[in-house]
Amino acid sequence: MNNKILIATIGEKGGGKDVVGKYLTSKYGALVMASGDLFREILDLLGIDKERANLTRLANTLRKEYGENVALDAMLKHFEISSAAICVDNGMRKPDEVEKAKQLGFHFWYITAPIETRFERIKNRNQNIDDQ
């Protein structure tokens with residue numbers, strides 16, 4: 001992945017990581033992915049409801065069987081084949097992923113917003129069917 005800018009956004013839920021990701025995509029053609037997106041895609045392909053419990057179970061099972069970096073490793077494959085010059089792991093959370101990302105030269109951006117804004121974003125998100 002030489003010559004690619006690798007960014008990992010971190011921060012609280014609703015802090016604006018998706019806002020930053022959308023900006024980077026529209027302005028610079030960045031490829032922006034989150035581990036939750038990968039897990040939701042798998043559940044969708046399997047026809048399983050995208051409830052938080054199912055996402056957690058899938059993520060924990062994959063991490064237990066294939067290692068703590070399984071989501072980052074899958075994302076890195078997407079980054080490698082992408083023509084995007086900027087690749088973003090949108091919402092890195094796991095300490096093992098952070099350590100690996102540091103070794104790979106990721107830039108870390110902490111994204112936040114006032115608590116009222118975060119609350120409204122989360123309330124209106126409807127990312128998972130049980131996010132009400």
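**Close-up views of a predicted model**

**Figure 1. Overall layout of the protein chain.** Read from the N terminus, the elements of the protein chain follow the order β-α-β-α-α-α-β-α-β-α. The count is six helices and four strands. The model is predicted. For the 132 residues of the protein chain, the globule rule gives a radius of gyration of 14 Å; the value here is 15 Å, close to that, so the chain is as compact as a globular protein of that length. The C-alpha trace spans about 40 × 35 × 25 Å along its principal axes.

Figure 2. Among the 132 residues of the protein chain, 39% count as buried. The accessible surface of the protein chain is about 8,100 Å², and carbon and sulfur atoms hold 53% of that surface. Taking the contacts in the protein chain with a separation of 6 or more, 77% are between residues 24 or more positions apart.

**Figure 3. Packing of helix H2 with helix H3.** Two packed helices are described by the angle between their axes and the distance between the axes. Helix H2 covers residues 35-46 and helix H3 covers residues 52-66; they pack at an angle of about 105°, and their axes are 10 Å apart. Angles of 65 to 115 degrees count as roughly perpendicular, which means that H2 is roughly perpendicular to H3. On the H2 side the contact is made by Ser35, Gly36, Phe39, Arg40, Ile42 and Leu43. On the H3 side the residues are Asn54, Leu55, Leu58, Ala59, Leu62 and Arg63. By class, the contact of H2 with H3 has seven nonpolar, three polar and two charged residues.

**Figure 4. Packing of helix H4 with helix H5.** Helix H4 (residues 70-81) and helix H5 (residues 95-103) have axes that come within 9 Å and cross at roughly 40°. H4 contributes Ala71, Leu72, Asp73 and Leu76 to the contact, and H5 contributes Glu97, Lys100 and Ala101. The residues of the contact of H4 with H5 divide into four nonpolar and three charged, with no polar residues.

Figure 5. Leu104 lies in the loop between H5 and strand E4 (107-110). The relative accessible area of Leu104 is 38%, so this residue is partly exposed. Leaving aside residues up to four places away in sequence, Leu104 touches Leu6 and Leu76. Leu76 is also one of the H4 residues in the contact with H5. Leu6 and Leu104 are 98 residues apart in sequence, and their C-alpha atoms are 8.4 Å apart in space.

**Figure 6. Thr9 in strand E1.** Thr9 belongs to strand E1, which covers residues 5-10. With a relative accessible area of 0%, Thr9 is buried. The residues that Thr9 touches, not counting those up to four places away in sequence, are Lys17, Val88, Asp89, Asn90, Gly91, Met92, Trp109 and Ile111.

**Figure 7. Ala53 in helix H3.** Ala53 is part of helix H3. Its relative accessibility is 43%, so Ala53 counts as partly exposed. Arg93 is 40 residues from Ala53 along the chain, and the C-alpha atoms of Ala53 and Arg93 are separated by 18 Å.

Note on methods:
Residues numbered from 1 in each chain as written. Predicted model: local features only at pLDDT ≥ 70, side-chain atom pairs only at ≥ 80, totals over all residues. Heavy atoms only, no water. Axes fitted to C-alpha atoms, helices over the stretch in contact; angles between N-to-C directions. Helix = DSSP H or I, 4+ residues; strand = E, 2+ residues; numbered from the N terminus. Parallel < 35°, antiparallel > 145°, perpendicular 65-115°, else oblique. Contact = heavy atoms within 4.5 Å. Nonpolar A, V, L, I, M, F, W, Y, C, P; charged D, E, K, R; others polar. Rg over C-alpha atoms; globule rule 2.2 N^0.38 Å. Buried < 20%, exposed > 50% of the residue type's maximum accessible area, 1.4 Å probe, protein only. Areas by Shrake-Rupley, 256 points an atom, 1.4 Å probe, with all protein chains shown as cover.
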